[in-house]
Amino acid sequence: MNRRLPWPDERLIEAARAGDVPSLTAVVVESQPHVRRFALSLCASPQDAEDAAQEALIILYRKIGTLRATGALASWVFRIVRNECLRQVRLLVSRADQASAGPEADAEPSAEEAVLRGLEAERIAAAVSALPRDQRQVLVMRDVQGLPGKAVARALGLSTPAMKSRLHRARAALRESLAMTGEVVDPPVGVGGGAGAGAEAEAGGGR
């Protein structure tokens, strides 16, 4: 049975907040397993989780002085990791949206169009981040990063049919989430399978 590692104690956190460097280093080291666990549960892939954990630990080291209460360390770190994972998905969604726009993407959008695109990307990123981890991973790898289905299945340790089934559930969950937060039911092409029918066809058949 694995022993659950404790968070740093409050006296250590208080000393770190006051600028004591050895205490600050100890807080970061003792927080690291918890930060990594948060990241693995929230981010789309192990690599994203590693990047988010590193960024969160850097922020923890630099900004622990802004922590209002010693007992709030866990919730503060959780928010940092969540925001970093969300930022990563937002970037991927934005890139996929730009790639799917084709030649029209070269035209300079109006200020209103730019705002609307940003809001839509934000809404999709939030919906993707809210998916269960297994669905989030397959959706990001297949629909956002555009990896081949066989490569996604291999990376996740799944058979191709199992990967397609999971992807189908992820796309359906994403469309349902987006339908609840706005009028657009299907996410943009490149995220969530695009215009519905094609996505469903691939989930059942495939390459």
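## Helix α6

In this predicted model, the buried residues of α6 are Gln135, Arg136, Gln137, Val138, Leu139, Val140, Met141, Arg142, Asp143 and Val144. The helix spans residues 133-144, and since ten of its twelve residues are buried, α6 is largely enclosed by the rest of the structure. After α6 comes Gly146, which has a positive phi near 75°.

Gln137 lies in α6. Its relative accessible area is 11%, which is under the 20% limit for a buried residue, and Gln137 is therefore classed as buried. When neighbours within four places in sequence are set aside, the contacts of Gln137 are with Ala44, Ser45, Pro46 and Leu156.

## Overall architecture

The protein chain has nine helices and zero strands. Its order along the sequence is accordingly written α-α-α-α-α-α-α-α-α.

The protein chain has 207 residues, of which 37% are buried. Taking contacts between residues at least 6 apart in sequence, 66% connect residues at least 24 apart.

## Helix α1 and the segment before it

Helix α1 covers residues 10-17, and its buried residues are Leu12, Ile13 and Ala16. Viewed down the axis of α1, these buried residues fall within an arc of 100°, so they line one face of the helix. Glu10 and Arg11, on the other side of α1, are exposed. At the start of the helix, a side-chain oxygen of Asp9 comes to within 3.1 Å of the backbone nitrogen of Arg11. Just beyond α1, Gly19 adopts a positive phi of about 100°.

Pro8 belongs to the segment before α1. With a relative accessible area of 6%, Pro8 is buried. Leaving out neighbours within four places in sequence, Pro8 contacts Ile13, Val27, Glu30, Ser31 and Leu73. For Pro8 and Val27, a separation of 19 residues in sequence corresponds to a C-alpha to C-alpha distance of 5.8 Å.

## Packing of α1 against α2

Helix α2 comprises residues 21-42, and it packs with α1 at an angle of about 125°, the two axes being 8 Å apart. This angle makes α1 oblique to α2. The crossing in which α1 passes α2 is left-handed.

On the α1 side, Leu12, Ile13, Ala15 and Ala16 take part, and they meet Ser23, Leu24, Ala26, Val27 and Glu30 of α2. Leu12, Ile13 and Ala16 are the buried residues of α1. Val27 and Glu30 are also among the residues contacted by Pro8.

## Packing of α2 against α3

The angle between α2 and helix α3, residues 46-63, is about 155°, and their axes lie 9 Å apart. An angle over 145 degrees counts as roughly antiparallel, and α2 and α3 are therefore roughly antiparallel to each other. Their crossing is right-handed.

Glu84 is placed in helix α4, which runs over residues 73-101. Its relative accessibility is 10%, so Glu84 counts as buried. The Glu84 side chain forms a polar contact of 2.6 Å with the side chain of Arg87. Apart from neighbours within four places in sequence, Glu84 is in contact with Ala52 and Glu55.

Ala126 is located in helix α5, residues 111-129. At a relative accessible area of 39%, Ala126 is partly exposed. Ala126 and Asn83 are 43 residues apart along the chain, and their C-alpha atoms are 10.0 Å from each other.

Technical notes: Residues are numbered from 1 along each chain as its sequence is written. This is a predicted model: local features need pLDDT of at least 70, side-chain atom pairs count only at pLDDT 80 or more; totals for chains, interfaces and linings use all residues. Side-chain values use heavy atoms; hydrogens and water are left out. Buried means under 20% relative accessible area, exposed over 50%, partly exposed in between (1.4 Å probe, protein chains only). Helices (H or I, at least four residues) and strands (E, at least two) are DSSP runs, numbered from the N terminus. The arc is that of the directions from the helix axis to the C-beta atoms. A polar contact is a pair of N or O atoms within 3.5 Å; within protein, one must be able to donate a hydrogen and the other to accept it, and residues adjacent in sequence count only if both atoms are side-chain atoms. Axes are lines fitted to C-alpha atoms, for helices over the stretch in contact, and angles run from 0 to 180 degrees between N-to-C directions. Angles under 35 degrees count as roughly parallel, over 145 as roughly antiparallel, 65 to 115 as roughly perpendicular and the rest as oblique. A crossing is left-handed if the near helix is turned anticlockwise from the far one by less than a right angle, and right-handed if clockwise. Contact means heavy atoms within 4.5 Å.
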